[in-house]
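User: Hey, I've got this protein open and I'm a bit lost. Can you walk me through it?

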Amino acid sequence: MQGEKQEEEKKRAEEDKNANFVQLYREHMPEMRWLMTNHPFPSSLLFFILEHMDNRNALACSYSVFEDYFEKSRMTIYRAIKLLQENGFLDVLKMGTSNVYIVNEDLAWTDYNSNKKFAKYDGQVLVSKKENKDYEYRSRFDRFKALREREGLK
């Protein structure tokens, strides 16, 4: 009986989790509006990071990932990241030749508020097709890219 109750509570807690969300805080909506109005590309880059970050607000990837996705130059991406960093939207840590992007947890969060104290570098890792030419996923990546181009998805 006790075991069944615990299993039921565990199942309910699991169902209550909303694992596929990003919450934005109203307190920082003016900053988001400013970014979207005045800096469209950095805004898109921030939303890409928000889309791919883990539940600790971190994403690890190289510039090549951004170059492949946005089809922008390295310098354009650098300027966008610098603007986001200088204005408090994210922090950037070095990881070899890649970076770890950490979104300001006061702007957006993807886990229980009680877990904010753990908002550190659990990071999702994205790799670039350009940097991994002989990796097996290449043909699948190309098929997704074709679908996105054909259907106008971004």
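User: What share of the residues in the protein is buried?
Analyst: Of its 154 residues, 31% are buried. Buried means under 20% relative accessible area, exposed is over 50%, and partly exposed is in between, using a 1.4 Å probe and protein chains only.

User: Where do these numbers come from?
Analyst: This is a predicted model, where local features need pLDDT of at least 70 and side-chain atom pairs count only at pLDDT 80 or more, while totals for chains, interfaces and linings use all residues. Residues are numbered from 1 along each chain as its sequence is written, and side-chain values use heavy atoms, with hydrogens and water left out.

User: OK, how many helices and strands are there?
Analyst: There are six helices and six strands. From the N terminus, the order is α-β-α-α-β-α-α-β-β-β-β-α. Helices (H or I, at least four residues) and strands (E, at least two) are DSSP runs, numbered from the N terminus.

User: Which residues touch the most other members of the largest nonpolar core?
Analyst: Those are L45, L46, I49, F66 and Y101, in a core of 26 residues. The largest share, six residues, comes from α3. A nonpolar core here is a set of buried Ala, Val, Leu, Ile, Met, Phe, Trp, Tyr and Cys residues joined through side-chain atoms within 4.5 Å.

User: What is F66 in contact with?
Analyst: Leaving aside neighbours within four places in sequence, F66 is in contact with L45, F48, I49, C61, E71, I77, I81 and Y101. Contact means heavy atoms within 4.5 Å.

User: Switching to helices: are α3 and α5 roughly parallel or roughly perpendicular?
Analyst: Their axes cross at roughly 80° and come within 9 Å, so the two helices are roughly perpendicular to each other. Axes are lines fitted to C-alpha atoms, for helices over the stretch in contact, and angles run from 0 to 180 degrees between N-to-C directions. Under 35 degrees counts as roughly parallel, over 145 as roughly antiparallel, 65 to 115 as roughly perpendicular, and the rest as oblique.

User: And which residues meet there?
Analyst: F41, P42, L45 and L46 in α3 meet T76, I77, A80, I81, L83 and L84 in α5.

User: Last one: why does S43 count as buried?
Analyst: S43, which lies in helix α3, counts as buried because its relative accessibility is 7%. Apart from neighbours within four places in sequence, S43 is in contact with L35 and M36.
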